[in-house]
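The following paragraphs lead the reader through one protein chain. Please keep the sequence and the three-dimensional view side by side while reading.

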Amino acid sequence: MNRIKKGDTVEVITGEDKDVRGEVLRVLDKGTRVVVSKVNMVTKHQSAQRAGRSQMQGGRIQFEAPVDVSNVMLVCPKCDQATRVGYTVVDERKVRVCRKCDAVID
Ligand SMILES: [Zn+2]
């Protein structure tokens, strides 16, 4: 079970984007890397030709590069703190819990 899921809010705990929060847009490589909204933005130079039929006129495009899941912490929707994730079983289903306030996150 992945610690971080698509749609979660996470907080970056290291690097250039430290303390930035964003929504998880994608989970990659079996949960080891995540793409987080507005985190780890990189600029790619794209030629007009490669832009093809898209609306881009070429030039620079910015997008989020994946970050290692160990560089982010889940933000608990209940207590709004970056927290480690625990697990518990509710109705025979494994769910995540906030280590700070014990809220079930799922
Ligand atoms: Zn909490």
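Predicted model: local features only at pLDDT ≥ 70, side-chain atom pairs only at ≥ 80, totals over all residues.

Leu-28 stands opposite Arg-33 in E3. This facing pair belongs to an antiparallel pairing of strand E2 (residues 21–28) with strand E3 (residues 33–36), which extends over four bridges. Strands (E, at least two residues) and helices (H or I, at least four residues) are DSSP runs, numbered from the N terminus; two strands are said to pair if DSSP finds at least two bridges between them. In general, strands of a sheet pair through backbone hydrogen bonds, either parallel or antiparallel.

Residues are numbered from 1 along each chain as its sequence is written, and side-chain values use heavy atoms, with hydrogens and water left out.

E2 and E3 form a hairpin with four residues between them. Asp-29, in the turn, has a positive phi of about 50 degrees. Lys-30 lies in the loop between E2 and E3, and its phi, near 60 degrees, is a positive value in a residue other than glycine. Is Lys-30 buried or exposed? Lys-30 has a relative accessible area of 82% and is therefore exposed. The classes are set as follows: buried means under 20% relative accessible area, exposed over 50%, and partly exposed in between, with a 1.4 Å probe and protein chains only.

E3 also pairs with strand E6 (residues 67–68): the two run antiparallel and are joined by two bridges. Here Val-34 stands opposite Val-67 in E6. Elsewhere, strand E1 (residues 9–12) and E7 run antiparallel and are joined by three bridges, and Val-12 has Val-72 in E7 as its bridge partner. These pairings belong to an open sheet of six strands in the order E6-E3-E2-E1-E7-E8, with antiparallel pairing. E6 and E8 each have a single partner strand and stand at the edges, so one side of each is left without a neighbour in the sheet. As a general rule, the side chains in a regular strand alternate between the two faces of the sheet.

A further open sheet consists of three strands in the order E9-E10-E11, again with antiparallel pairing. E9 and E10 run antiparallel and are joined by six bridges. Within this pairing, the bridge partner of Val-85 is Cys-98 in E10.

Which residues coordinate the zinc ion? The SG atoms of Cys-76, Cys-79, Cys-98 and Cys-101 do so, at 2.2 to 2.3 Å. Donors are N, O and S atoms within 2.8 Å of the metal (3.2 Å for Na, K and Ca); water is not among the atoms, so sites may look incomplete. The arrangement is tetrahedral because the four donor atoms subtend angles of 105 to 114 degrees around the zinc ion; four donors count as tetrahedral if all angles lie between 85 and 135 degrees. Along the chain, the donors follow the spacing C-x2-C-x18-C-x2-C. Cys-76, in the loop between strand E7 (72–75) and strand E8 (82–83), and Cys-101, in the loop between strand E10 (93–98) and strand E11 (104–105), are 25 residues apart, and this pair links distant parts of the chain. Cys-76 counts as buried at 1% relative accessibility, whereas Cys-101, at 32%, is partly exposed. Asp-80 is also placed in the loop between E7 and E8. Its phi is near 60 degrees, a positive value in a residue other than glycine, and at 48% relative accessibility Asp-80 counts as partly exposed.

Finally, the chain may be viewed as a whole. Its secondary structure comes to one helix and eleven strands, which follow the pattern β-β-β-β-α-β-β-β-β-β-β-β along the sequence. The C-alpha atoms fill a box of roughly 55 × 30 × 20 Å, taken along the principal axes. The chain has a radius of gyration of 17 Å, whereas a compact globule of 106 residues would have one near 13 Å; the radius is taken over C-alpha atoms, and the globule rule is 2.2 Å times the number of residues to the power 0.38. Buried residues make up 33% of the 106 residues.

Terms used
Tetrahedral: all angles 85-135°; square planar, octahedral: opposite > 155°, others 65-115°.
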